[in-house]
Amino acid sequence: EDLEWFPYTVDAIRLLRRAGCLVCVVTNQGGVGLGLYDEQAVETVHRSMAEALTASGAHVDGWFYCPHHPRSTTDHLRGPCDCRKPGAGMIREAAGRLGIDVARSFVIGDKLSDVELAVNAGAAGVLVATGYGEQVVRTHGGRVPGAAHIASDLMEATSWILGQMDQRRDRVTP
């Protein structure tokens, strides 16, 4: 109920889907491991988000989350795992489940761990300067290590990705 969408989120997802992109959400949910909420709560939020997007004409193809945390209150959710960003486990899971070509894919996020995830998975990382991204850009003096692009927001990231897709198509010869 506290979820607030950026005004361009739905449009960005619709544009990506119209261009033939699969759209997935990959998110660390260490609060599960810390005992702050359970996996059912995460799944309920994702279901609610999916319903809101669908009602607006947008669609997310896959929802993936990592419940682990290094300081987890339960043994099976503590310690190193490959799915916690910047590990590439969630990307590999999405690629396997949905047939995604990771080398032709993009990861958009507002944290350095999102860009590192892209690098670790072999995708292009786009940092958005909304949310935590503004501080990441400031901390790194405007040049974020590993970022293929820095965008002011999701819509600008979407526009850049669509331009990259057009350039790739132009380079392909019949």
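Predicted model: local features only at pLDDT ≥ 70, side-chain atom pairs only at ≥ 80, totals over all residues.

User: OK, how many aromatic pairs turn up in the whole structure?

Analyst: Two. In one of them, F6 and Y8 have ring centres 5.5 Å apart and planes at 5°, so that pair is stacked. In the other, F106 and W160 have centres 5.9 Å apart and planes at 85°, so they sit edge-to-face.

User: Where in the chain are F106 and W160?

Analyst: F106 is in strand β3 and W160 in helix α7 (residues 154-171), so to speak distant parts of the chain, 54 residues apart. Helices (H or I, at least four residues) and strands (E, at least two) are DSSP runs numbered from the N terminus.

User: Are F106 and W160 buried or exposed?

Analyst: Both F106 and W160 are buried. The cut-offs: buried means under 20% relative accessible area, exposed over 50%, and partly exposed in between, using a 1.4 Å probe and protein chains only.

User: How many bridges does β3 make with β4?

Analyst: Four, between residues 106-109 of β3 and 124-128 of β4. Strands pair here if DSSP finds at least two bridges between them. G109 stands opposite L127 in β4. From β3 the chain passes through helix α5 (residues 112-121) to β4, a right-handed β-α-β crossover. Right-handed means that, with the strands pointing away from the viewer, the path from the first strand over the helix to the second runs clockwise.

User: And what joins β4 to β5?

Analyst: Four bridges again join them, and they run parallel. The chain gets from β4 to β5 through helix α6 (residues 133-139), and this crossover is right-handed as well. On the residue level, G125 stands opposite A147, and V126 has H149 as its bridge partner.

User: Back to α5. Which of its residues are buried?

Analyst: S113, D114, V115, L117 and A118. Their cover includes β1 (24-28), α4, β3, β4 and β5 (147-151). Just after α5, G122 takes a positive phi of about 90°.

User: What does A118 touch?

Analyst: Leaving aside neighbours within four places in sequence, A118 is in contact (heavy atoms within 4.5 Å) with V107, A123, A124 and G125. The relative accessible area of A118 is 0%.

User: Last topic: how many salt bridges does the count come to?

Analyst: Seven, where a salt bridge is a side-chain nitrogen of Lys or Arg within 4 Å of a carboxyl oxygen of Asp or Glu. One of them is K85 with D114, at 2.7 Å between the closest N and O atoms. K85 lies in the loop between β2 and α4 and D114 in helix α5, so the pair ties together parts 29 residues apart in sequence. K85 is buried at 13%, and D114 is buried at 6%.

User: What about D82, which residue does that bridge to?

Analyst: R92, with the closest N and O atoms 1.7 Å apart. D82 is in the loop between β2 (62-66) and α4 (89-98), and R92 is in helix α4, so this pair ties together parts ten residues apart in sequence. D82 is partly exposed at 38%, and R92 is partly exposed at 48%.

User: And how far apart are N and O for R97 and E93?

Analyst: 2.4 Å. R97 and E93 are four residues apart in helix α4, about one helical turn. R97 is exposed at 53%, while E93 is partly exposed at 39%.

Key. Residues numbered from 1 in each chain as written. Heavy atoms only, no water. Phe/Tyr/Trp six-rings, centres within 6.5 Å; stacked < 30°, edge-to-face > 60°.
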